[in-house]
Amino acid sequence: MAWFVKALNKDEKGFTLIELIVVIAILGILAAIAVPRVTNSLSNAKNNANSANLQIVQEAVERYNAENGNYPSSLNDLVPNYLKSIPTLQDGKTFNYDQSSGTVSIK
């Protein structure tokens with residue numbers, strides 16, 4: 001026997017193949033439960049970030065209207081006095097701005 005192989009004494013027992021398979025199966029079940037939850041949490045976080053950015057831009061449009069008596073011709077008119085920059089939305093979505101009503105939405 002090589003020097004790195006240790007023989008088991010009679011009172012020492014190792015794990016059987018069945019025990020190892022059960023442990024791997026349990027880990028697989030836990031992973032199957034955890035992965036969708038993490039994915040769902042990430043999706044919810046992106047949606048919440050988009051909603052928060054939408055609210056910020058809509059409030060900037062309302063402040064512009066209150067100070068100037070009309071709605072801006074584009075969202076770029078809000079920079080730099082009302083916003084530092086136009087926020088970037090998640091998942092490639094963009095803002096949709098209706099100048100006549102001053103309504104901002106996400107498309």
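Me: Let's start with asparagine 50: is this residue buried or exposed?

Reply: Burial is read from relative accessible area, and under 20% counts as buried. This is a predicted model, and in it asparagine 50 has a relative accessible area of 3%, so it is buried. Asparagine 50 is part of helix H1.

Me: Which residues is asparagine 50 in contact with, leaving aside its neighbours within four places in sequence?

Reply: Contacts of this kind show what packs against a residue from elsewhere in the chain. For asparagine 50 they are Leu89, Gln90, Lys93 and Ile106. Now turn to leucine 89: with neighbours within four places again set aside, leucine 89 is in contact with Asn50, Asn53, Thr94, Phe95 and Ile106.

Me: Let me step back. How many helices and strands are there in the protein?

Reply: The protein has one helix and two strands, and along the sequence they follow the pattern α-β-β.

Me: How do the side chains of strand E1 point?

Reply: In a strand, look at the two faces separately. E1 covers residues 95-98, and its side chains alternate.

Me: How many bridges join E1 to E2, and which way do the strands run?

Reply: Four bridges join E1 to E2 (residues 103-106), and the two strands run antiparallel. To find your place in the pair, look for asparagine 96, which stands opposite serine 105 in E2. The two strands form a hairpin with four residues between them. In the turn, glycine 102 has a positive phi of about 70 degrees.

Me: Which residues make up the largest nonpolar core?

Reply: A core is a set of buried nonpolar residues joined through their side chains. Here the largest one has twelve residues: Val57, Ala60, Val61, Tyr64, Leu75, Leu78, Tyr82, Leu83, Leu89, Phe95, Tyr97 and Val104. H1 and E1 each supply at least two of the core residues, and the largest share, four residues, comes from H1.

Me: Could you take valine 57 as an example? What is its relative accessible area?

Reply: Valine 57 lies in helix H1 and has a relative accessible area of 0%, so it is buried. Leaving aside neighbours within four places in sequence, valine 57 is in contact with Leu75, Leu78, Leu83, Pro87, Phe95 and Val104.

Me: What about nonpolar residues on the surface: which ones form a patch?

Reply: Ile18, Val22, Val23, Ile26, Leu27 and Leu30 form a nonpolar patch there, with about 570 Å² of accessible area together. One of them, leucine 27, is in helix H1. Leucine 27 counts as exposed because its relative accessible area is 53%, and the cut-off is over 50%.

Me: Last one: how many salt bridges are there, and which residue pairs with aspartate 91?

Reply: The count comes to one salt bridge. Aspartate 91 forms it with lysine 46, and the closest N and O atoms are 3.3 Å apart. This pair links distant parts of the chain, 45 residues apart: lysine 46 is in helix H1 (17-68), while aspartate 91 is in the loop between H1 and E1. Aspartate 91 is exposed, with a relative accessible area of 52%, and lysine 46 is partly exposed at 26%.

Technical notes:
Residues numbered from 1 in each chain as written. Predicted model: local features only at pLDDT ≥ 70, side-chain atom pairs only at ≥ 80, totals over all residues. Heavy atoms only, no water. Buried < 20%, exposed > 50% of the residue type's maximum accessible area, 1.4 Å probe, protein only. Pairing = 2+ DSSP bridges. Salt bridge = Lys/Arg side-chain N within 4 Å of Asp/Glu carboxyl O. Core = buried A, V, L, I, M, F, W, Y, C linked by side-chain atoms within 4.5 Å. Contact = heavy atoms within 4.5 Å. Patch = residues over 30% accessible without salt bridge, like charges linked within 9 Å, V, L, I, M, F, W, Y side chains within 5 Å. Areas by Shrake-Rupley, 256 points an atom, 1.4 Å probe, with all protein chains shown as cover.
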